[in-house]
Amino acid sequence: MSTSSNKKGFGTAPVFFTAISTILGAILFLRFGMAVGNLGFYGALGIIILGHMITIPTALAISEIATNKRVEGGGEYFIISRSFGLNIGATIGMALYFSQAISVAFYVIAFTEAFEPFFNWILSAYDIALPRQVISVPAIFILAYIVLQKGSDMGVKTLYVVVAILFISLTLFFWGQTSFYESGDYSQNFVFNNHNQFFIWFAICFPAFTGMTAGVGLSGDLKNPTKSIPRGTLWGTICGMLIYVFIIYKFSVSMSPEDMSSSQLAMANVAVFGAIIIPLGLGASTISSAIGSVLVAPRTIQALAVDKSFPSSKLNKWLAKGKGAANEPYNATLITIAIALIFVLIGEVDFVAQIISMFFMITYGSLCLISFLNHFGASPSYRPQFKSHWAISLIGFLLSMWVMFKIDAFYTILAYIVITLLYLYLNYIHKERGGLQKIFLGALFQLSRRIQLYMQKHRSHQPDEEEWRPSAICISANSFKHSKVFDLMKWISYKHGFGTYFHFLKGYYSTNTTTEARKIVDQLIEEHHDQESSLYVDCMISPSYTTAIAQAIQSPSISGMENNMIVFEYRRTETEAIESILDNISLTRAGNYDVCVFSDANKNTHFKNGIHIWIRPIDVLNANLMILLGFIILSHPDWKKGFVKIFSICGKEDAEITRKQLQELVQTGRLPITLSNIEIIAQEENTSVKSLIKDKSSNAGLTIIGFREEQIKHAGSEVFKDFENMGDILFVNANRKQTIE
């Protein structure tokens with residue numbers, strides 16, 4: 001829904017004049033001369049440069065985002081909400097609205113300073129100190145009448161008149177005296193004084209630059225927003241910056257630092273007919289800024305109400321209601337004038353000025369951040385006609401955040417707290433509305449894509465040159481019957497590696513099986529969702545288990561690593577499942593995979609009983625991988641009360657040598673295991689390995705045992721049998737000897 005009708009007749013000029021008249025506002029007439037007097041020409045130039053290093057990237061970001069999609073009423077709010085999502089858009093939009101509404105009061109109060117000669121005359125002639133509200137309160141009501149009765153059309157017409165007065169006053173200022181010093185020595189002004197006061201004066205002067213987005217608020221009343229917003233905003237920003245540079249130069253060659261610092265209307269001492277034209281120019285600039293703000297603020301809150309951003313449906317309906325064919329925000333204007341009137345009656349806005357600046361800076365930083373993220377994570381539908389560079393947007397975002405803390409860390413933190421609480425509240429009452437996550441997911445997708453491509457291009461073709469970490473895959477049709485394997489995959493992939501679990505769905509690829517596969521994946525994610533997990537869940541549709549494995553081991557890992565380990569699983573009571581595993585182990589050897597076979601005991605895991613690793617003379621290749629897996633699994637929080645114990649079986653004559661080798665391995669490999677947890681077992685002639693394992697590890701939380709292909713060829717499924725009454729067992733077959741560093 002648009003906040004205005006299709007009868008939009010404004011072109012680029014209102015955007016430009018709204019921006020330039022707000023930029024050349026109260027701060028220009030009241031404070032820039034004082035800034036030059038205190039900081040010198042180069043200090044004031046630094047304020048202009050730093051300020052525009054924030055505002056120009058913001059102007060470019062607005063222009064870019066505005067030319068990507070149809071811009072309706074709400075200006076900056078519409079741009080943010082349609083790019084960042086309605087909840088975050090409403091959060092920033094509300095902060096922006098209050099800044100705009102209170103700005104109306106600020107400009108009206110500044111407008112009364114143009115009547116300083118009148119107040120001084122009353123005081124000297126009648127000894128009466130009139131309050132500033134004598135002028136400011138009638139001014140706010142006149143302003144309200146103009147906007148409420150005549151709408152934006154009358155407001156823009158009035159804008160042209162005050163811009164003309166502003167132009168005349170600046171012309172007479174530049175036409176004024178050019179040689180304050182008879183000697184013509186202006187060097188004392190062309191310095192950088194009082195470095196420690198720079199950010200104090202920056203905070204005072206920065207609101208002068210915030211007007212560059214004022215014209216964006218007219219987006220709902222423009223004939224062609226995608227054309228008018230970039231042109232009007234950029235030209236307003238650039239022209240304003242150049243005028244400010246010329247103004248501080250004019251001050252520097254016309255007045256002494258003392259005279260500039262002592263008077264807030266120092267421009268009157270330079271301009272031709274300064275006593276008349278400068279107060280008139282101040283009045284014109286401030287009232288034009290007030291008109292600009294009072295045109296923009298109601299459209300912001302009207303757009304917020306159209307998007308149902310407020311908790312009350314009646315309030316949303318009332319604020320969204322417009323008047324006439326142009327859908328003028330009548331009710332929203334009443335609220336804006338009421339808020340402004342409160343601050344006008346108070347007469348002082350200094351205590352909220354920093355908060356307003358913080359929210360403006362948050363808005364600018366957000367716009368630059370949106371632009372930056374869209375350069376990397378935008379969907380194909382993001383095709384702006386105007387394009388900025390991502391580095392410019394990033395600079396604008398970082399400088400916005402940095403300057404906020406430099407101005408006032410307390411108000412910065414307070415602003416972020418308010419913004420965060422407001423967002424959490426909106427997210428709570430509008431759970432169905434998203435958007436913020438989309439752009440971040442897009443950026444993360446692009447980052448992941450680039451990392452994977454980089455890893456593929458720079459991967460080593462020599463396995464020994466790469467530091468090993470697990471990238472395991474598991475394929476099983478028993479996803480809803482055997483849950484233990486999910487725990488194992490999470491343990492293996494936790495922190496140090498990555499895991500992919502495929503549910504095997506037997507059948508041919510079709511519409512029906514695809515639909516079923518999606519449902520299965522959704523259910524698995526719901527049942528096994530874990531924020532800390534690196535386990536990725538998917539479904540593999542294939543006519544047989546063997547073809548499913550063949551497909552999986554040829555597929556690249558979504559982690560960017562090459563898969564290097566395959567995990568088979570079976571429940572120990574289902575001995576027939578072992579045969580299916582044996583039929584497919586040889587298939588994985590073609591891909592140089594490490595093979596693990598998980599024997600699920602179908603009983604609770606006793607984590608405190610630790611992980612037992614059994615090493616035999618035949619485990620020359622397996623030993624290091626088994627030890628690495630043991631410590632990788634132990635790092636998972638489930639095993640925080642566990643430990644690793646290594647059992648090494650050898651002949652009696654090799655016991656001492658084996659002990660020294662394991663001790664050296666523990667010490668040089670920096671493994672967190674005490675020597676007391678290494679047990680050397682000299683095997684008796686009549687004692688089988690399986691009986692030793694069952695005797696020592698019957699109560700272990702997890703037992704890791706090595707196996708070789710030669711064993712399978714000779715003994716078949718017997719390799720995995722006869723381990724009754726034990727806990728879970730992980731059988732490991734390494735493709736190559738791993739290095740423990």
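Which residue in strand 9 does Ile 613 stand opposite? The points below answer this and describe the packing around it.

1. The model is predicted. Ile 613 stands opposite Ile 704, a residue of strand 9. Strand 6 (residues 611–615) and strand 9 (residues 702–706) are paired in the parallel sense, over four bridges. Strands of a sheet pair through backbone hydrogen bonds, and the pairing is either parallel or antiparallel.

2. An open sheet of 10 strands runs in the order 3-2-1-4-5-10-9-6-7-8. Its pairing is mixed. Strand 3 (535–542) and strand 8 (678–682) are the edge strands, each pairing on one side only. On average, neighbouring strands of this sheet are turned by 20° against each other, with direction ignored.

3. Helix 18 (residues 484–493) lies across strand 1 (471–476), strand 2 (498–506), strand 3, strand 4 (565–571), strand 5 (594–600) and strand 10 (728–733). The direction of helix 18 is at about 150° to strand 2. Helix 24 (residues 689–697) packs on the sheet and touches strand 6, strand 7 (644–650), strand 8 and strand 9. The direction of helix 24 makes about 160° with that of strand 6.

4. Helix 11 (residues 274–306) packs with helix 13 (residues 330–346) at an angle of about 120°, and their axes are 8 Å apart. Because of that angle, helix 11 counts as oblique to helix 13. The crossing of helix 11 past helix 13 is right-handed.

5. On the helix 11 side, the contact is made by Val 294, Ala 297, Pro 298, Ile 301 and Gln 302. Helix 13 contributes Ala 332, Thr 333, Thr 336 and Ile 337. Sorted by class, this contact of helix 11 with helix 13 has six nonpolar residues, three polar residues and no charged ones.

6. The other pair is helix 15 (residues 390–407) and helix 16 (residues 409–429). Their axes cross at roughly 125° and come within 5 Å.

7. Which residues of helix 15 meet helix 16? They are Met 401, Met 404, Phe 405 and Ile 407, and they meet Ala 409, Thr 412, Ile 413 and Tyr 416 in helix 16. By class, the contact of helix 15 with helix 16 has seven nonpolar residues, one polar residue and no charged residues.

Conventions. Residues numbered from 1 in each chain as written. Predicted model: local features only at pLDDT ≥ 70, side-chain atom pairs only at ≥ 80, totals over all residues. Heavy atoms only, no water. Axes fitted to C-alpha atoms, helices over the stretch in contact; angles between N-to-C directions. Helix = DSSP H or I, 4+ residues; strand = E, 2+ residues; numbered from the N terminus. Parallel < 35°, antiparallel > 145°, perpendicular 65-115°, else oblique. Left-handed = near helix turned anticlockwise from the far one by under 90°. Contact = heavy atoms within 4.5 Å. Nonpolar A, V, L, I, M, F, W, Y, C, P; charged D, E, K, R; others polar. Pairing = 2+ DSSP bridges.
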